[in-house]
Structures are given as C-alpha cells and as structure tokens.
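Dear colleague,

I am handing over the structure below, together with a summary of what was found in it. Please read the summary alongside the coordinates.

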Amino acid sequence: MEAWIFFKRTVRMVFVGTKVYYLWCAFLLAIIGVAITFYAKQLDAGLIVTNMRDQVSWGLYIGNFTYLVGVAAAAVLLVIPAYIYHFDPIKEIVVLGELLAASAIIMALMFVLADLGRPDRFWHILPGIGILAFPDSLLAWDVIVLNGYLVLNTIVPVYILIKTYFGKEPVKKFVIPLVLLSIPWAVGIHTVTAFLYNGLAARPFWNASILAPRFLASAFCSGPAMALIIFQILRRTAGLKIKNEALFKVAELMAYAMFINLFLLGAELFKEYYTATIHLAPMQYLFQGLHGHHALVPWIRSAMVMNITAFLIFLIPSTRKNLITLNIGSLLIIVGVWIEKGLGLIVPGFIPDPLGEIYEYLPNINEIAISLGIWAFGLLIFTLFMRIAIPIQRGDFVHSKYGKAAGKPQYEPIKP
Amino acid sequence: MMSMGALAALSLGSSACTQVQKEEFLQKRFREMTEAEKKTTIRRLEETYFRKYGKKFRIGTQPAESAVLWGYGLDLSRCIGCRRCVYACVKENNQSRISPQLHWIRVVRLKDGSLINLENAEHYYNPETVPEPGFQYMPVQCQHCETPPCVRVCPVHATWKEPDGIVVVDYNWCIGCRYCIAACPYKGRVFNWAEPNIPAEELNTEVHYLGNRPRMKNVVEKCTFCIQRVRNGRYPACVEACPTGTRKFGNLLDPDSEIRYLIENKRVFRLKEDLNTESKFYYFFSA
C-alpha cells in the first residue's frame, strides 16, 4: 500500500516542475523526436545511410559507446572516497553519481543497438532462447558486465532513496557489499570494453597492452568532469545540496587521473614513433596525416591541447578551487576525452585497413542526429532520476507520516 | 538493452504479421536445426526467393565430406592482375552488383620490390592492358584460417568453421555487429550496407544455404571457396575463371592432390603468418 502511494507520488512528481524543468524536457524530447525519424530511415535503408563502409566499419556510434562506458565506470571515483576514506562531503553525491552511471550505461547500450545492423535479431544474443558466445567473444563479456553494472547501479541508489523516503537508514549490511562490488565492477566494464578492441591482432593500433589502463585513466577524467558540471547545474536549478569542498576534492582526483592518462599516451607515442615499424601508420594517420589524408589531425591536436590545459587547471590549486576555471577545465576534459576516445580511438584502428587501403571517415548527418538523440534520451532519463532523487535527499519528498505532501516544488538555489 | 530488443522484436512481430516473416524471424541457427527443420527452412526460402526474383532456386545443404580439408594455392608469378576472378566470383556468388558492388576477392597492385608491406598496395587501378611492367599483383580473399579470429569474436556464433575447413556465415543468424570485420586481418569479409541489388536475369540459382544464396541487408558475407561447387566435385569459380592458371585448389588431406604437391615442392608462404591464423591459402612463386 505504502509502496503504491510512493509509486503514484513519484509518477505525479515527474510531471510537475519548474519552468526550466519543462523547457529542458521539451527540448530533449524534440531532439529525440528528430532522431527517431533518422533512425527509421536507417532501419529502412540499412547502414548505408551512415558514412561507415567495409574499410571503416565502426564509427561515431561505437566511439560514443566507448566514451559512455568510461563515464559510467567513473562513478567509482565518487564512491571510493565516500565509502573507503569516509570523506563525507562526497557521500551526498554518491547516489547521484551512480544514477549518472546508470544513465550512461543505458546510453552506451543504445549506441550498440543503433550500430547493430539487425536489431530485429537482437534475441539471438540472449542466453537461453538465443546463443551468447561466452566466453569466446569479448562482446559477449561486455553484454554481461554492462547489464550487470546497470542493475547494480540502479539497485543501490534506488534502495537508498526509498529508505530515505520512508525516513529510515539504509541497511549497511546490504548496501555496503553492493557498493564495494561496484568498484571492481566499474574497472571491469571498462577493461572488458578495452579488451574488445585490444584482442584484435588484425588492428595494431588497438593491439597494445596499454589500451585498458589508458581507458581507465581517461574515464576517470571524463566521468567526474561531467559530474562536476551536472552537479553545479542541479545546485542552481533543483536545489541540490552539495558543497564546493566536494567538487574540489573530485577535481583533485581528476588531476591525478589526467596525469596518468597523459603519461600512458606518452609511453605509447614513444614506443610507436621510436621503433617506427609499419604499425606506426595508424598513429601517423591520427596525429600527422598519412599519404595526404588527415581528416582527424585537427581533431586530435585540439584534444591534446584541451587535455593538457585541463590538466594544468586541475593541478594548480588556485585554478582548481575557482569555480570558473574549474568549469572551463571540466568542459575541456569532456570534449578532449570524447575526441581522444571516440573518433580518435575507433577510426584510426581501421586506417590503413589490413590491406593498406585508406578510407577517410567522418560521421554524416544521419549518424550525428541519431547520436544526439541517444544523448538526449540519456539526459532525459537522468533528469527524471534527479527529479525524484534530489527532493528525497533534500527531505522535501518524504513519506506522508514524516512530512507534508509536496505540492509544486519551489527550489531556492543554494549559495555555494 | 534486453527490453529494447524485445521491443524491437514485438514491433516487428505486430507490424509484419505474415506467416513467412514470422517463421523467418523465429528461425534457428543452421547448426541447431534438425533435418526436418532444415527442409522446412529451405522450402520457405525457395518460395521467398521465387516471390522476390521470379526464379526457381535450388538451395543445397550438402554437409562436408569426411577426410576433406580444402586448401588453396596462388601462384604469384603467374597473376597478371586482370581481375577476371573478381567478376567470376561476383557472378557465381550473387553479390550485390550496383551501389553497392561487393567483391569477395581483391587484387592489389604492388610495386616490384615490396610484397609484405601492404601499406603501399594499390586497390583501384585501371590500366589499358595488364600486366604492367614494374608491378606485381596479389589477389586476397578469405584465407579460411584454421584458427579464424573472425569466428572467435562473433557474439552469437553466426559464423563458424565447417569440418572441411570452410569458414561460413549463417546469414539469417548474423546480427550485423561487424565485429568479425574488425577482427579479420585479410579484409576477407564484406558487409551488405544496403539491400543487395542484383538484376534477376544475372542470378545464379544453384546455391548453398551457407554459400551463395541471395543475402539480405545488414549482414556480413565472405568467400566460401564456392561451397556450392566444391562440395559437388567442382572447382571454385575463381579457379575456373583464371586465364593464367594462377589459382590452384585441392584437398590438403589427400597426399596425391595438386595442392599437396605444391606445398611439398614449391616454396610457399602464407599471408601474415606472424598472426598465427594458420590460413589454408598458400602463396607461392613457380618461377
């Protein structure tokens, strides 16, 4: 009975909000609507409507997928300090971080689905009715760990939120093991995703053992950077309680992560350029251009400038503890890592192809529209999560026994 | 992901409710089918092809013979780069002809003095006559590896190695993820980015389920050593089409076969041997 009331109030809550909330949701829905028309076209004509071809057979979709798995994995960067070191200012945002991870995983899975030529045969991969090629295929591993991570990152925050709603403390015996499990699991999803590419001897650009560590390092930059921006927006628009101290702590951890990321990149560049075997070609294509083809060069060079600038911003305490520079640094990381790990990782793996052909790939309008639609869908889900989670955490949305029923919420922004 | 897949399935099931489409949707993987199920599937496919192309197809399902392991020999000193093999293959195997045109064989042009570094290979060239001085030609197609990296990565086992060594694809089981394309070191696989486009009068109606039967959009396909031919005692189409005798084919397990003679008496090599794919495609120089 109580659960039913909670459910009803939750649903009602999603449909009420401030003007900004309505506008934002309408904006996202509009993008999703446009994307659906493009996806319908792709379903009808086939993947020929993309710029992908046999030479470069994965592109923007798989690039976004890789990036978003990283964002999802980075939730642990918020969980570790909160639970292991008992750093309390972060504790409040762990639930939100995990919901961000869940949203990111949903987006990542949608990107795989968008890339799939035959979504109608999706059931073929379901164990039991179809065939899941476990443990042979790393893609099968990925399906398992990603879905597991999604479940984990939904159960924990939902459980904590419901307990809070009913005015009770979460049962530590239940929640702590799950939280602790989510830490290695986060490392797992990103490692498996790296191994997906890493395990292909045909593609020397990916077949480097440094790939998985680099994935993790860059993920621990981009995920928290996204969280920093989102939490500040929510602080202004939805009255999320979060102290600057917490933001600065996260930023400090990001500085270490970016250092490791840049160091690993340097190690890779040294090995490829100093030995300069024929396997240097993809790296050359990416950073300098190859045989007159250099579609990705301006992209990766901008990404490098962004990542290094952001690293310096987060390293120097005075810029790290200034909200303006902190936000600039976060945006630079979000974009810089997206280029490095999206197009900058996927496309050079295919160039030159195994028989030396160079096909230059940049996504076209269909791919961009569908990708934006998936991002919009993920942000919408996250927004709805927040619509419920923040009032619960603030104590505005509680069981009727403990508080008065919430009407139209009036959030006053909290001064940092 | 699961729910979305179910949703896709549901929408497909409700919008297109013909019996044939339902059966096609629920079709099992070829390897799991019983003999009876194979028969039903073949009959249904033949009807579908007839409706679509107005032609009677004969879809074979001949299994591999015992004590057969197919191997291929390619004499690089004879290849003149005419690419008759490429088009004979397209014709035999019902590849899409016009936008996109799919090729299972690629004959790359290499400058004399460079063979292993394929980065300098040319893919698109159109001289008046071949061969051209200063160049050599290397045809590449699926190498039918004994340890095929493409098979290993498939998340749904839609592709596998047959007992006679031919690597095949079940076009009705492939989900179109293209992981196999990324895994192949020989560019041995191509994808139907759009609905295949073949003029009905050019169709080859003598087909094999795992080989040259007409494909659908968004699935992967590849050379099968002409499975529809070689399991019926014929040579692959490329071997027959070659005007210079560059291409050899035979049973690796038969000590008296031509391919065995070549391996034992010529200095053969295989492409990218360092990747341990154990391919069954042997290049050699007879002169």
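**Chain A: overall form**

Chain A contains 15 helices and 0 strands. Its radius of gyration is 22 Å, close to the 22 Å that the globule rule gives for 416 residues, so chain A is as compact as a globular protein of that length. Please bear in mind throughout that this is a predicted model.

The C-alpha trace of chain A spans about 70 × 55 × 40 Å along its principal axes. Of its 416 residues, 48% count as buried. When contacts in chain A between residues at least 6 apart in sequence are considered, 78% of them join residues at least 24 apart.

Helix α1 of chain A, residues 2–14, has 13 residues. From its first C-alpha to its last this helix reaches 18 Å, close to the 18 Å expected at 1.5 Å a residue. Is α1(A) buried or in the open? The number of buried residues among its 13 is 0, so α1(A) lies largely in the open.

**The contact between the chains**

On the chain B side, 48 residues are in contact with 43 residues of chain A. Five elements of chain B, namely α1 (2–15), β3 (106–111), α5 (149–153), α6 (179–183) and β7 (189–191), each supply at least two residues of the side that touches chain A. The element that gives the most to this side is α1(B), with 6 residues. By class, the side of chain B that touches chain A has 33 nonpolar, 7 polar and 8 charged residues.

**A sheet in chain B**

Chain B has an open sheet of 4 strands in the order β10-β2-β12-β11, with mixed pairing. Its edge strands are β10 (247–251) and β11 (268–269), each of which pairs on one side only.

How do the pairings of β2(B) run? Strands of a sheet pair through backbone hydrogen bonds, either parallel or antiparallel. With β12 (residues 281–284) of chain B, strand β2 (residues 70–75) pairs in the parallel sense over 4 bridges; there, Phe281(B) in β12(B) is the bridge partner of Tyr72(B). With β10(B), β2(B) runs antiparallel and is joined by 5 bridges. Leu74(B) stands opposite Arg247(B) in β10(B).

Strand β2(B) is mostly covered, as 6 of its 6 residues are buried. In a regular strand the side chains alternate between the two faces of the sheet. In β2(B), Trp70(B), Tyr72(B) and Leu74(B) point one way, while Gly71(B), Gly73(B) and Asp75(B) point the other way, and all are buried.

Helix α9 (residues 258–265) of chain B lies across β2, β10, β11 and β12 of chain B. The helix runs at about 110° to β10(B).

**One residue of chain B: Glu24**

Glu24(B) lies in helix α2 (residues 19–26) of chain B. How exposed is Glu24(B)? With 17 other C-beta atoms within 10 Å, Glu24(B) is partly exposed; a residue counts as buried at 20 or more such atoms and as exposed at 12 or fewer. Glu24(B) and Asp170(B) are 146 residues apart along the chain, and their C-alpha atoms are separated by 13 Å.

With kind regards

Notes. Residues are numbered from 1 along each chain as its sequence is written. Chains are lettered from A and ligands numbered from 1 in the order in which they are written. This is a predicted model: local features need pLDDT of at least 70, side-chain atom pairs count only at pLDDT 80 or more; totals for chains, interfaces and linings use all residues. Two residues are in contact if their C-beta atoms, placed from the backbone, lie within 7 Å. Ala, Val, Leu, Ile, Met, Phe, Trp, Tyr, Cys and Pro count as nonpolar, Asp, Glu, Lys and Arg as charged, and the others, Gly among them, as polar. The radius of gyration is taken over C-alpha atoms; the globule rule is 2.2 Å times the number of residues to the power 0.38. The expected span of a helix is 1.5 Å times one less than its number of residues. Two strands pair if DSSP finds at least two bridges between them. Axes are lines fitted to C-alpha atoms, for helices over the stretch in contact, and angles run from 0 to 180 degrees between N-to-C directions.
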